[in-house]
Amino acid sequence: PAPARSPRVRAEPLNPPPPPINPPAPERDPVAGPSVVDEMLSESAAGDDGPSMGGYSLDASCGSCGTGPFGEAVASGGFCDPCLLQEWQVSVSALYMTRDDPNPLSTTMEAGSPADGLGTYVPMDWSGGGEVRVLHRFGCIPYLSNGCSGGWAIEGVFWTLDSLTGSVTRRSSSPGGLVSSTLDFTDVSYRRSGLSGLDPGDLFYDARRQRVSRNDDVYNVELNLIRSPSIPCAFGPLEMSWSVGARLFQFDEDWRYVSLADGGMDFGIDPTMEGFLDNNITNTLIGAQVGADVAYQVDKWGLFFRPRVGLYNNHIKNHFAAYRGDGAPFAADTAGYPDYPVSSSTNAVSFLTEVDAGLEWLFSPRWGVHLGYRATVVTGIGLADHQIPHFVADTPAIADIDHNAHLILHGGYAGVSCQF
């Protein structure tokens, strides 16, 4: 017979768990955006940030430094902080400067009386000029919790002066008297033989009158990297920055000594009655400099002091010419001596120091005017006065350039600046 089968029984749990009241929250997608609550918390935190100006938000710990010169609320560095200023600044100035007095060089005396010299010191006139400065700010460093950092700027500068000129004419102090040269024209003749007219020495000895003139030109180009250093939040009205850069400074000087021989009517009438000595010297300084910018600002007014000092290689070129008024060149008769013109060059170490000091008025958020005084001192420079030999025929001495002199340029300037 078939075996008996046990009936199949369905087991049920004795204590079934209660159904859940609320379904479990779904897990957040890791790539999903912030929730509404996160956004609300973020907005609440943003409301605690420090004040902002010009698009820059300041750390709340910096606090407020009051009101700027134009009524704006500022913090930490305030209106003059590099991080809050405009990106570009252009400044244009008019210069009015002169140079220190040249060395005394007497070339004229009463004829027949060597002890009775007539000074040929040439006073230099004041001259106008212009300056352009272009500054670009970049790399503003974020504000820190324990202070406020500044930024960087690069500045280009060009300034020049109209020619500094001066001249003096000497004639005998006695009626009908003559003047003569203190220089020695022995062994000086003409390069072309058989040239008619007075010898070179006769053009300068027993002359009707003599004149000495000079013409100076100045050019300056700079490129500076400026750093506004970290400052405490409540640093007060005093601001400081430092800079490093390169400079090209050029000084050209033309010196001329002309004599009108006895029998000549006046300068420029009969060139065969005139003798000339010309010396042109050019100093080209290229080197590096360091500087500082100290400003004390109260409201819209500020005092500034800007020293610069640098070390330079000075490439000096000198050109000396001796000739008659019609262009006939002189010659040195000493054997082995080169004839005129004499051209030579050398290199020297020079130092250049420049100091600006003045007053600035910011009459609007973007515009300002300034008034200042500048002194530029150059050492190790060649000047024309030092290149004139007593013996005119000593052309080797002329070729050996003297460069142990100094030059001082000084004067005032005024201008306007714009930020944008």
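Q: A charge sits over a ring if NZ of Lys or CZ of Arg is within 6 Å of the ring centre and within 35 degrees of the ring normal. Which residue lies over the face of Trp 152?
A: This is a predicted model, in which local features need pLDDT of at least 70 and side-chain atom pairs count only at pLDDT 80 or more, while totals for chains, interfaces and linings use all residues. Residues are numbered from 1 along each chain as its sequence is written, and side-chain values use heavy atoms, with hydrogens and water left out. At 5.1 Å from the ring centre of Trp 152, the residue over the face is Arg 227.

Q: At what distance from the ring centre does Arg 306 lie over the face of Phe 304?
A: Here the ring belongs to Phe 304 and the residue over its face is Arg 306. The distance of Arg 306 from the ring centre is 4.1 Å.

Q: Over how many bridges do strand 9 and strand 12 pair?
A: Helices (H or I, at least four residues) and strands (E, at least two) are DSSP runs, numbered from the N terminus. Two strands pair if DSSP finds at least two bridges between them. Strand 9 covers residues 152-171 and strand 12 covers residues 207-227. Their pairing is antiparallel, and its bridges number 18.

Q: Which residue of strand 12 stands opposite Val 168?
A: Strand 9 and strand 12 pair in the antiparallel sense. Opposite Val 168, the residue in strand 12 is Val 212.

Q: Which residue in strand 13 stands opposite Asp 216?
A: Strand 12 also pairs with strand 13 (residues 238-261), in the antiparallel sense and over 20 bridges. In strand 13, the residue opposite Asp 216 is Glu 253.

Q: Are the planes of the rings of Phe 320 and Tyr 340 stacked, edge-to-face or tilted?
A: The structure holds 12 aromatic pairs, where rings of Phe, Tyr and Trp (its six-membered ring) pair if their centres lie within 6.5 Å; planes under 30 degrees apart count as stacked, over 60 as edge-to-face and the rest as tilted. The rings of Phe 320 and Tyr 340 have centres 6.0 Å apart and planes at 45°, so the pair is tilted.

Q: How many residues apart are Phe 320 and Tyr 340?
A: Phe 320 is in strand 15 (residues 301-324), and Tyr 340 is in the loop between strand 16 (330-332) and strand 17. The pair links distant parts of the chain, and its separation is 20 residues.

Q: Is Tyr 340 buried or exposed?
A: Buried means under 20% relative accessible area, exposed over 50%, and partly exposed in between (1.4 Å probe, protein chains only). Tyr 340 has a relative accessible area of 2%, so Tyr 340 is buried.

Q: Is the peptide bond from Tyr 340 to Pro 341 cis or trans?
A: Pro 341 lies in the loop between strand 16 and strand 17. With omega near -5°, the bond from Tyr 340 to Pro 341 is cis.

Q: Which residue has its backbone nitrogen 3.0 Å from a polar atom of the Ser 364 side chain?
A: Ser 364 is in the loop between strand 17 (342-361) and strand 18 (367-381). Its relative accessibility is 17%, so Ser 364 counts as buried. The backbone nitrogen at 3.0 Å from the side chain belongs to Trp 367.

Q: What is the relative accessibility of Asp 206?
A: Asp 206 lies in the loop between helix 2 (200-204) and strand 12. Although it is not a glycine, Asp 206 has a positive phi of about 50°. Asp 206 counts as partly exposed, because its relative accessibility is 42%.

Methods: A polar contact is a pair of N or O atoms within 3.5 Å; within protein, one must be able to donate a hydrogen and the other to accept it, and residues adjacent in sequence count only if both atoms are side-chain atoms.
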